Every structure is written in structure tokens, then in C-alpha cells.
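The entries follow the order in which I looked.

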There are 2 protein chains.
Amino acid sequence: MIAEILSIGTELLMGQIANTDAQYISRRLGELGINIYRHSTVGDNPERVREALAESISRSDIVITTGGLGPTEDDLTKEMVAEHFGLEMYLHQPSLDALTERLTRMGREMTPNNKKQAMMPVGARVMPNLCGTAPGAIVEGNGKAVAILPGPPREMQDMFERQLVPYLEGRAGVRIDSRFLHVCGIGESKLETILIDLFHSENPTLALYCSAGEVTARLSARVADGEESAKLLDPLENEIRARAGRAVYGEGRNLTLAAAVVNALIEKNITIACAESLTGGMLASRIVDVPGASAILNEAYVTYSNEAKMRLLGVSEDTLRNYGAVSAQCAKEMAEGARRAANSDCAISTTGIAGPDGGTPEKPVGLVYVGIATPDGCEAVELHLRGDRRWVRELTCVNAFNELRLRMNL
Amino acid sequence: MIAEILSIGTELLMGQIANTDAQYISRRLGELGINIYRHSTVGDNPERVREALAESISRSDIVITTGGLGPTEDDLTKEMVAEHFGLEMYLHQPSLDALTERLTRMGREMTPNNKKQAMMPVGARVMPNLCGTAPGAIVEGNGKAVAILPGPPREMQDMFERQLVPYLEGRAGVRIDSRFLHVCGIGESKLETILIDLFHSENPTLALYCSAGEVTARLSARVADGEESAKLLDPLENEIRARAGRAVYGEGRNLTLAAAVVNALIEKNITIACAESLTGGMLASRIVDVPGASAILNEAYVTYSNEAKMRLLGVSEDTLRNYGAVSAQCAKEMAEGARRAANSDCAISTTGIAGPDGGTPEKPVGLVYVGIATPDGCEAVELHLRGDRRWVRELTCVNAFNELRLRMNL
């Protein structure tokens, strides 16, 4: 089955927002085993939507549109799809009822414009919008299908997952189950080499996605209705875990390293403190991102100046004089000092040179030390990172969480 | 002049990355007064590139491609453009020399694959890549033009700005000068209302872009070569400043509120401290994002627990008992305590309920207090924010910086 994405919206064409909808849908179609050959974006203009729609339909089995479902005259996706298939529009009463109820709940009046959102092509399968006002639809004709989704990412994703995925699986006559294994501490090309023979399998399939300092392996099995995917996925997962070892830190579509670490700390009731120099609060902020973090993070220190490192964390003047603030010794004393001051079970510290200035031949930009203090003692790890200021700080956070995970067996 | 963007790369089509290149180029073309009617994305596949290229060229005056300039066989943008215009490829010696020099500097060998990156269509205007290995090109034919840019955003943007913009301006026979005014404290729709009549002008033009808690106004003037744009832009800028007042916090394409505040603090030699509860380090991290921040930020505290608020910041037990941690009183004591403990000129604090849990009828999710301590005293601002955990924290940071800016006249 071949799919195309047609994004409709002048705000995309003008670059006011990035097309993250297209990215999300593409990724999910890949997981579902559906081939995708093209993305197109056009503005809210009837002629250009008409033209792009006809082209996309001619090239593929299913076209997924996003956007153009709002209440204004500019919003014309449904109308253009109806026109393409020669269908009339009618008022879809359940959509109107849902819309009326929603607007009433928000204390707003139904306007003729809003009513437009409940108009549907005759014969469309309507997809209610559980997160917003504009319902979507699936329209079939001439052996092809157009799935019409709203533009706002939260609404689009909810409708895609709950309503479009079952349709796509039904149409393809198969179900694709996917698992996501998250890996940190082995780079993408190294991981690819280790797993090279596993990429040749046609079912289940394996794909790697990389982000800052991490790699996600997607394992997808294609099964017939009622069949179990576990017998295909279990052996592959076991094989990857055996080869990548402790670098695999968890499973789940949306898992992040910070969430894996924080959730493990919460589960084991281990409290943590942070002492940050170059990351400057980013590490603590990543922890606080995870709901429930207040149970394990009491406090964190951003100690940029030497004076603050001494006063708040008890880093010794000798250390700063003899080794400097960017040193393994200082990182260790920062972590140990934070653990002591916060009276926590463990602590992580960061110190380094994020750039763009401040580097020297002995201590170049990208030289970073991460300190880890646990009940068993204190260690520091030396890192040589490349990239701009923000990237060096990002990678430092990832490395700090990963070192903590490995040392605390989280 | 009508333009289209053609993005080439399987990683885009598979959703491994979002198409931020298309967003960047679209936005810049808008600023340059060039109309853009479509974005298309295809994978690294000769047939589909060939087809999409022909379509894009037929519809527009100039096609801007990104991607497909790498050293592998899959990378075929230049070859497809040459084929379209019936041009041979030849080895462009200056590109080969630059490539050799770059690889040597990085301690790598020149391979036959790399050599491919120096091949160019005959007659192309070559655009050297000042940030990477793959040079770009502009190819003209039949009154149309194709501009070939690399895919990595940093390389693309540098080439676009330094080399393609002058070409586009020359081709259009005009120059577009833009200014960017940044506004915080007035929402987008309010600002639109205040400035409504100014949007009708055809030259200069005015457009608004919004991001978390902020709005950017773009003022663009179209002028002939050698003409001054200031006489068009100055009156418009003055008018906007007069109407929006102190909500205008600065000027410049890439200015951020955090950078404006930090740079003003650096310039005035004012030191700052942070005491963060719900933002959990995000505020300090935004400050540290700005190069040179170490001159004005000595330290920051993430005080999540009541105990930490008392011990590190001297918040009184009575305050926590009588008003709670989420209160104006607590925010004030946190800011004042941070200012005192860090011995800084000013301090900002945040406390609130970011959600998803923890809200009550009296103190719902989104209730936030920001405290500002200055040499003139201490105040707290109550905010009622909407959105998910991350968004509430983002908006809190924006509000905190803005309150500081207004109170300190930064």
C-alpha cells in the first residue's frame, strides 16, 4: 500500500510552523509497514488544493491530509475532497451535536462558521475529534481513499492513533505491532555494526532512529488478524538485548532517558541532587520534566562561580587552585558536596567548557567532567564532546543520566 | 517571482527528522517578498526526484532544493538537475581543492565518493560550502532557475544567507530589508488589534509571528538597488513602538527574551540569582544558554522541597504553613532569599503547579507565582497559565524574564 501526505495550510507554506504533523505520520506509517513516496504542502487556496489532491490521489492508494478543517472560509479540505469524488456535502448531525456540546461547555455560542465544521461529504466515515472541534473523515472512491485529519498536532495524533490506524490495518489486511528499545552509550554506527545481520529480516523488521546521544531501535512485526506478534518480536528483542547489553535502558514508544532514570529512582525511593556548572540547570530541568519528580529531587544547585562551588558545595580552594573548576577532582567534590548538602542518596555534577569562548589548548571547548556520587563513593567521567554550546550541554545531560543509571543499576 | 521548495531525502520521508529547512526557507522567502506555492518532499530515488523536479520547475520561476548532495550513490540532486536541463557534469576544480583541504585538515583521506561532491553541471554557478563538504549551485535554463542547497540546516542556512539571498534579490531586481521587533506582555490577537491599520500597507509590509508567550513583528521594505530602506522602516518601527510601548523588548532577527535580558544585565553589570520550584532549573538554563552569562549568574537554586526552601533560601516556616509553597508570599521570600544568599543585585523566583497532578479547587494546575527581588524591594506576580506541564513551565520562564525586564528597566 502506497501513501502520500498532503499538508494544507498557509501557515506551513509561510514557515510560521514546522511540519511536525508530516514527520509524525511518516514515522507511524513506516511502523505500520506502509510505503510513503511523497509529502506535499499547499496553502489554503482552492485551485492549488484541488490540483495537489488530484496529483496525490493519482499516485497513491491512500492520501492523508492534515489541516484546512477550521471554521473559516479558507478552510476547504473536505469540500475539495468531496468535489474530487463528485460527492455532495451534508450536515452530519452527530458532529453538530458534539460541537454544540463542546462550545456550550466552553461558554461559547455556535456560529454559522462553526456549523461548517459539521458538514461532511456524503458517504464519508466520520472520525470524531476527541481533543478539539473539527471532526475528520475517511472518503473512499475508485479504489482509493483520502483520510482527512485536523492540523493541530494533539488533535491529529489522537485521531490518527485511535481511528485511522485501525482503518489502515484493516485496509492492509494485516496488523503491525512495534516495540521500541532505547539505547544509550553505543553510537548509531557502532550499534548498526553490532546488529547488522538483523536488518536483513523482512518480518520482523528492525530500524534505528537517533537523537542527541541516544539511539532507538524499532522492532516491527507484521501479523494477520488474531495472530500474536510476540513470537516474532520476543526473539529479536532478546537478541538485541544480548548484543547491546546494558546499553539498552528501556522500552516504550515515548520513553526518554531522563524519564527512565527518574522513574527508576521513584520506584526505588532513591533521592537525588544536582550540582551544575556548564549545564546550568538543564539537568535539574530534565528531571523536573518528569511528572512525580518532586518525590526524589529535593534540591539542585547551579554553581557557576568558584565562590558558589566552595560555599554551597564545599569544593576546596586547593582543588580549584591546583586542578581548576574544569577537572575530575572538582566534579567529584561538586557531586559529593551536593549529596551531602541536600542529604540525598545520590548526586550528579557537571563542569566543563561549553564554548564558544573559554577554551584553551589544555582544556578545549567540549571538555566536560561528570561527577557521580552514590552511597558507594564518588567518581568522575571525562568527556570530549563536539558541537555548539547548546549541543555540548545537551550531550552532557545525556551522559550524566547514563552514568548514573549504570553506576546505580537503575 | 514564484518559488517552490523541493526537499530530497529518505530521512525526511520516513519522518526521522522534521523538515525545518523548508520552514526556514519559507520564512526567509516571505521576508524577501517572494511568493511560495508549494513544498514537496521525495526520497533519494532517481525516478521520483526526476518527476518532482520537472513538476516544480513547470509551476514556478525558481525551485530551491535541499539535500541529496552527500558522497553516496543515493545522492543525486545535482545529476537530476543537470539531466533536466540537458547539461553534462564536470569536475569543478575549486570545489575539489576546497574539499581536499577540508578533509586533510580533519585528518581524513579523499575517496572517490567524496570526489563526487565536486562534480557540477556545466554552466552552474557554484556556491562553496563554508560549513561543510558539499558545495551547492544555481543552475539556470529556459528562464527558470534551480538553487541546490545542502540538507544539514547549519550548512543550508549559511549558504542561503550569504550566497543565495544576493542572487534572489538580483533576480527580483529589488532588495527587501527586514527588521524584527520582539514583543512580550501583549498577546498576538491584542497586538494585531492595536496595529490593525498598519497591516494594509503594501510597502513596507508588517507580519506577526508568535511563539511561547511572545510575538515577533517583521517589518519589510522593498527598495530598488542603492535606495535606503530606513525611510520606509523608521516610521513604521516608531509607530509600532509608540503603540506597543514597553512591551517591545528588542530588535534583531534571532533575539530571544532571555538573551535580551541577559545581555542587558551584562552591559549594566547587574548580577542575578534564581530560586526555582516548578521551573526546576529551566530559568537558570535559559540564562546559561546565552554566551557570557557567567559574568552575571553566580548561582541558582532549585528548591523543590519545603525543607530546601527554608534551609537554602530562608523561607519562613510560618509562610509555608499559612500560605503554602504556592503563594505570593513564598515567591517573594524565595526571591529575596536567593538575592541575599547569592549576594546578587537581583533575583527571580518561581513557584506554582505545573500539573498534571497536584491541583486543587483553590490552587488549580497553572497557578504560578513569580517573585522579583531588586535593590528597590521585592514583588510577586500571580499568573494563571494553560497548557501541559512543559508549556506551563515555558510560559513561567517567559513571564519571569519579562517581569524582571520591566521592573529593572532592562
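Entry one, the interface. I find that chain B and chain A bury about 4,600 Å² between them, with 49% of it on carbon and sulfur atoms; buried area here is the accessible area (1.4 Å probe) that two parts lose on being put together, summed over both. This is a predicted model, in which local features need pLDDT of at least 70 and side-chain atom pairs count only at pLDDT 80 or more, while totals for chains, interfaces and linings use all residues.

Entry two, contacts. I list 57 residues of chain B in contact with 57 residues of chain A, contact meaning heavy atoms within 4.5 Å. On the side of chain B that touches chain A, the rule finds 12 salt bridges across the interface with chain A (a side-chain nitrogen of Lys or Arg within 4 Å of a carboxyl oxygen of Asp or Glu). One of the salt bridges joins the side chains of A:Arg38 and B:Glu55, at 3.1 Å from N to O.

I superposed chain B on chain A by a rotation of 180° with 0.2 Å of shift along its axis, at an RMSD of 0.2 Å, fitting by least squares the C-alpha atoms of residues with pLDDT of at least 70 in both copies. The two copies are therefore related as by a two-fold rotation axis. The same surface serves both, since 100% of the contact residues of chain B recur in chain A.

I count zero disulfides over all chains, a disulfide being a pair of cysteine sulfur atoms within 2.5 Å. A:Cys346 is in none, and the nearest cysteine sulfur, that of A:Cys274, lies 8.7 Å away. A:Cys346 counts as buried, at 0% relative accessibility (buried means under 20% relative accessible area, exposed over 50%, partly exposed in between, with a 1.4 Å probe and protein chains only). B:Cys184 is likewise in no disulfide, the nearest cysteine sulfur being that of B:Cys397, 12 Å away.

Definitions and conventions: Residues are numbered from 1 along each chain as its sequence is written. Chains are lettered from A and ligands numbered from 1 in the order in which they are written. Side-chain values use heavy atoms; hydrogens and water are left out.
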